[in-house]
Amino acid sequence: MMFWRDVSIKHKLTLILMLTSSLTVLVACLAFYGLVVNHFQKVYKRDMNNLALIVGSNCKAALMFDVPEDAGVVLATLKGRKSVRQVILYDKQGHVFASYKASALKGTSVKEICSFSRKIILDDGTYVGRIVIEDDMRDMARGRRQILLILLLVGVGSLFSAFWLSAILRNVVSKPLLSLTEMVKRIAAGDFQFKKCSSMRGRDEMGVLCSAFVEMNKRLRDSHERLEEYNRTLEGRVAARTEELQNAMDDLRKSQAQLVQSEKMAALGQLVAGVAHDINNNISFIAGALPNIKRMTNELVVEMAENHKASPAWQMHLDIVSLLANAEEGVRRTKKIVQDLNAFSRSSHGQLVPVDIHAELNNIINLLRYECRDKAEIIRDFDPDLPVVYCQRDHMGQAYMNILLNAIQAIEKRGTIRLKTWPAGGKAYISFQDNGSGIEPEALEYIFDPFFSTKPVGQGTGLGLSITYNIVKNHHGKIEVHSAPGRGTEIVIILPVEPCKKADEEDGGVGGME
Ligand SMILES: Nc1ncnc2c1ncn2[C@@H]1O[C@H](COP(=O)(O)OP(=O)(O)OP(=O)(O)O)[C@@H](O)[C@H]1O
Ligand SMILES: [Mg+2]
């Protein structure tokens, strides 16, 4: 059974057809042979019986009148019939009355080749004798052999036809099946490229199967191509999505950092405001006392100049004057620090007014002319199209001042500071570019932090840029810094030209300190 399962359909078809047709032909031949032989035997028997009857009745008179010579003549007439071997006529007593004998056959047994026909002879119902005819059946046997041969030829011919038919059937059934199998194998190996089934000829079951198969392959090919396309672009899409997520994460981190920074700034602002208030109170005692001390010292000097010029106390007054000047300078600086601390911590509520930025910048440059004197040349590159900007005049003025002071301080011997303005996209751009020392990359991210300074102790509080940052931020603007060590720094303030309505509605000013 296992062997039968492994045999190809082609061979199965051939085998089934051959077996079926052989069996059919065999049965048909056997049946035909049986029928024909039977028929011939019956006819032969009838023929022989008739012959015996005719010869017997011809010999009746000879028997009745006891003339054996006449009977011999009648029997001799059977000579013309070659198959008759021997005829014996018996009288009513059972004695041989007359006989005829043909020449005996060589090498054959009589029994095998002869048939005997016996008939009794009656005359009006009275038994007069009997006749026995012995007939040679070799002709009959020859005829049977001929029929057998013909049937054999028919059988072989049928087998050939069956084989030929099976070849045709193989073409009709097994060939398309084989080509379908080939297609299935190719699909299984991932090859969907064929577009036609070679055995798709007619509209019979095979044709329909092939068409359905080709259609199925087409759909498979389409979905395979779609899948491949999807796979090809998947990586890109995953990368894009990852980038989006990364950006979102970065934004989130920035917002978180800003939130933490805002909290810190708020706490620091409160602390700074308290400290500045206390320093201010205490310094006002010294500041209030210093003019009086100075006045009184001057009066004392006049007094001493008249009466005690030779006394050593006269010499001391010069030291006192210089110490007083130092104390005054200390008070001035402390006041400046307190001012900065207040600016850092104060609320930014205030009225927005339309401001001519160029006029403001010119004012600041004028104020700083002493600092610039023989250090920095200021180049103005103002765009006349810059519109007026809504802002808090004093606060923004302080921001420009802080940036310009930094630029002047960054120039060691002699340099230039370029001030450039231009409008773009509803915003005003104000750039301060110097060719001073520049900022080290590692310091760049800290310059807006409060109290970050690279200047020697006593020369910088590190509040200038942090105040500036808060002011610009409260105006809903932005600050950009571009710097290279040894080549200079550019700081650009970007302000919205129109006041930001939403923020104004919310807090009635530019917004609180973050
Ligand atoms: N134009 C510039 N060129 C080089 N470095 C600069 C420039 N502007 C700022 N910096 C750097 O940024 C730091 C912080 O500046 P910021 O104005 O906040 O403080 P400061 O100038 O040191 O002190 P303060 O302004 O309070 O007197 C400076 O110490 C300096 O190192
Ligand atoms: Mg500064």
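## Salt bridges: the rule

A salt bridge is a side-chain nitrogen of Lys or Arg within 4 Å of a carboxyl oxygen of Asp or Glu. By this rule the structure holds 12 salt bridges.

This is a predicted model, in which local features need pLDDT of at least 70 and side-chain atom pairs count only at pLDDT 80 or more, while totals for chains, interfaces and linings use all residues. Residues are numbered from 1 along each chain as its sequence is written, chains are lettered from A and ligands numbered from 1 in the order in which they are written, and side-chain values use heavy atoms, leaving out hydrogens and water.

Glutamate 328 and lysine 294 form a salt bridge, at 3.3 Å from N to O. Glutamate 328 belongs to helix 8 (residues 312-345) and lysine 294 to helix 7, so their pairing ties together parts 34 residues apart in sequence. Helices here are DSSP runs (H or I, at least four residues), as are strands (E, at least two), and both are numbered from the N terminus.

Glutamate 328 has 32% relative accessibility and counts as partly exposed. That label sits between buried (under 20% relative accessible area) and exposed (over 50%), using a 1.4 Å probe and protein chains only. Lysine 294 is also partly exposed, at 35%.

## Links within one helix

Arginine 241 and glutamate 244 meet at 2.5 Å, N to O, in another salt bridge. Both lie in helix 7 (residues 205-307), three residues apart, or about one turn.

Helix 8 holds arginine 333 and glutamate 329, which are four residues apart, about one helical turn. Their closest N and O atoms are 3.1 Å apart, in a salt bridge. Shared partners join Glu329, Arg332 and Arg333 into one network of salt bridges.

Strands of a sheet pair through backbone hydrogen bonds, either parallel or antiparallel. Here five strands form an open sheet with mixed pairing, in the order 6-8-9-11-10. Two strands pair if DSSP finds at least two bridges between them. Strand 6 (376-381) and strand 10 (478-484) are the edges; each has a single partner strand, so one side of each lacks a neighbour in the sheet.

Strand 9 (residues 427-434) and strand 11 (residues 488-496) run antiparallel, joined by eight bridges. Tyrosine 429 has isoleucine 494 of strand 11 as its bridge partner.

## A helix on the sheet

Helix 11 (residues 393-410) packs on the sheet and touches strand 6, strand 8, strand 9 and strand 11. Contact means heavy atoms within 4.5 Å.

Technical notes: Axes are lines fitted to C-alpha atoms, for helices over the stretch in contact, and angles run from 0 to 180 degrees between N-to-C directions.
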